[in-house]
Amino acid sequence: MKAIRLIGIALAVLLVLVAGAVVYLAAAFDAERIKSELARVVLENKQRRLTVAGALELSFWPNLGVKTGKVTLSERGSEKEFAALESARISVAVLPLLSKQLVVDTVEFAGLQVRLIRHKDGRFNFDDLLSKDAKKSEMVRFDVTGLKVSGAQVSYVDEGSGHTAAVTELDLSTGRLANAASGPLALSLRVKGGQPRTDAAVDLRGDYRYDLDRQEFAIAKLEARAKGEAGGITGLDLMASAGALEAKPASRSLQVEALKVAARG
């Protein structure tokens, strides 16, 4: 009986400590300061305007995280909208919050919409987002261990050729994201376009590895499948796999190992 009583006391003390930590974190969480700091970092590093509508909410289940309402990101040096999302949940590390730092862990996006443009000179409207930040925030630090995107839509316009395409039903799951990182990748989407007509469902799996500074991108254990209509082919069922695929845009090199392709249509 004495042992059970001691265990009960220990559990009660533990619950009080946890409750106290939750109350302290909630009190120390400065949502408006974090929003303004995020906007400042994005504007200084990328010359883009980040707008977070409504208040940030601190959630404690299923893990510690920050919830947002609608978020928009402008084009570089412009007020035009580049991307928007209906809601996001960002899981954060606990200890840095005690010193009022926001260290991003897992990111989840819902209702994401992105507008991609290839200009006539060959540049894309997202090239700057792939470059390394010149300045860093003392308050916001990104070391994302996972990204999840559900129900996203992407539109694409090539100003040179006039070609357009739209991606819907996009679901994406990745491992770690940083300036150089590796991890598992799962992607599914539906793509529609003209010139020639395209309407196909695509599914892709593999293990990625990249280094933005060196401009190196690779994927291993690649498994991909496309079904629908593409390239003038109806009833298309295309399956492809590769042991490894590595691209180095700077040297214009592409290496593929153990490629297998099967198709019908």
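Tutor: A residue is called buried when its relative accessible area is under 20%, exposed when it is over 50%, and partly exposed in between (1.4 Å probe, protein chains only). This is a predicted model, in which local features need pLDDT of at least 70 and side-chain atom pairs count only at pLDDT 80 or more, while totals for chains, interfaces and linings use all residues. Residues are numbered from 1 along each chain as its sequence is written, and side-chain values use heavy atoms, with hydrogens and water left out.

Student: How many residues of strand β5 are buried?

Tutor: Strands here are DSSP runs of E with at least two residues, numbered from the N terminus. Strand β5 covers residues 81-85 and is mostly covered, for among its 5 residues the number buried is 4.

Student: Which residue stands opposite Glu81 of β5?

Tutor: Two strands pair if DSSP finds at least two bridges between them, and strand β4 (residues 71-74) pairs with β5 in the antiparallel sense over 4 bridges. These two strands form a hairpin with 6 residues between them, and Gly77 in the turn has a positive phi of about 65°. Across this pairing, the residue opposite Glu81 is Ser74.

Student: Which residue of β8 stands opposite Ala83?

Tutor: β5 also pairs in the antiparallel sense with strand β8 (residues 113-118), over 2 bridges. In β8, the residue standing opposite Ala83 is Val114.

Student: Why does Leu189 count as buried?

Tutor: Leu189 lies in strand β11 (residues 180-193). Leaving aside neighbours within four places in sequence, Leu189 is in contact (heavy atoms within 4.5 Å) with residues including Val167, Leu170 and Val202. Leu189 counts as buried because its relative accessibility is 17%.

Student: How many residues of strand β16 are buried?

Tutor: Strand β16 (residues 260-264) runs antiparallel to strand β14 (residues 233-248), joined to it by 5 bridges, and Ser241 stands opposite Lys260 in β16. Even so, β16 is hardly covered, and among its 5 residues the count of buried ones is 0.
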